[in-house]
Amino acid sequence: GEQWIVTGKNGSGKSTLLRLLYGEEFAAYNEHGGGIIRWFGKARPDLDSLRRLVGYVSDKLQNDYEHDIPAEEVIISGLRASVGLYSPPTAKERRIAETWIRLMDLAGMRSVPFTDLSTGWARRFLLARALASSPPVLLLDEPSSGLDAAARSHFLDALPVLAAQGVH
């Protein structure tokens, strides 16, 4: 039931901590070098299952989307806990994506290849991706980076609402 903000200087390990929590760092599996990270009580969870419970936004994730997929499909990939799609979207996935496209005011950019989006637009699609599966946990690494003032304010105003709904 908590929400945390991790602060520190550049290079102090904030992003690394979030990557460890998301299971993106090999050190998270290091059983001999100083501890084990536990996710939902498990030392070695199935990462696909874990990532369906965690919404994640980071610069690294944004850079990992090198495929020329329509931005709308980035949202859908969040429902599958994947980077990119490996089969066509279902009707249900398209409906969920449509909801987030409306909520995040993304309609005009939905068909643009993700790699052609500005940093701010790409970040907005990644935020919608992180929220699309209604995860109980969000890991947000500088989530408002690249957002203009209005989009930043809109997103930051949504965080207490999400917290009140039980999102950690």
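Is Arg102 buried or exposed? In this predicted model, Arg102 is exposed, because its relative accessible area of 56% is over 50%.

**View 1. A salt bridge between Arg102 and Glu98 in helix H5.** The closest N and O atoms of Arg102 and Glu98 are 3.9 Å apart, and both residues belong to helix H5, where they are separated by four residues, about one turn of the helix. Glu98, with a relative accessibility of 24%, counts as partly exposed. Through salt bridges that share partners, Glu72, Arg94, Glu98, Arg102 and Arg110 are joined into one network.

**View 2. A salt bridge between Glu72 and Arg110.** Here the closest N and O atoms lie 3.1 Å apart, and the pair links distant parts of the chain, since Glu72 sits in helix H4 (residues 71–80) while Arg110, 38 residues away, sits in the loop between helix H5 (91–103) and H6. Glu72 is buried, because its relative accessible area of 11% is under 20%.

**View 3. A salt bridge between Asp64 and Lys60 in helix H3.** The side chains of these two residues meet at 3.2 Å, N to O, and both lie in helix H3 (residues 59–64), four residues apart. Asp64 is partly exposed at 30% relative accessibility, and Lys60 is likewise partly exposed, with a relative accessible area of 36%.

**View 4. The largest cavity and its lining.** This cavity has a volume of about 50 Å³, and its lining residues include Tyr22, Arg51, Gly78 and Ser133. Strand E1 (54–57) and helix H6 (119–132) each give two or more residues to the lining, with E1 giving the most, three residues. By class, the lining holds five nonpolar, three polar and two charged residues.

How values were computed: Residues are numbered from 1 along each chain as its sequence is written. This is a predicted model: local features need pLDDT of at least 70, side-chain atom pairs count only at pLDDT 80 or more; totals for chains, interfaces and linings use all residues. Side-chain values use heavy atoms; hydrogens and water are left out. On a 1 Å grid over the protein atoms alone, a cavity is a set of points where a 1.4 Å probe fits but cannot get out, and a pocket is an open set with protein on both sides within 12 Å along at least five of seven lines; lining residues have an atom within 4 Å of a point. Grid points are joined across faces, edges and corners, and a volume is the space filled by probe spheres set on the points. Ala, Val, Leu, Ile, Met, Phe, Trp, Tyr, Cys and Pro count as nonpolar, Asp, Glu, Lys and Arg as charged, and the others, Gly among them, as polar. A salt bridge is a side-chain nitrogen of Lys or Arg within 4 Å of a carboxyl oxygen of Asp or Glu. Buried means under 20% relative accessible area, exposed over 50%, partly exposed in between (1.4 Å probe, protein chains only).
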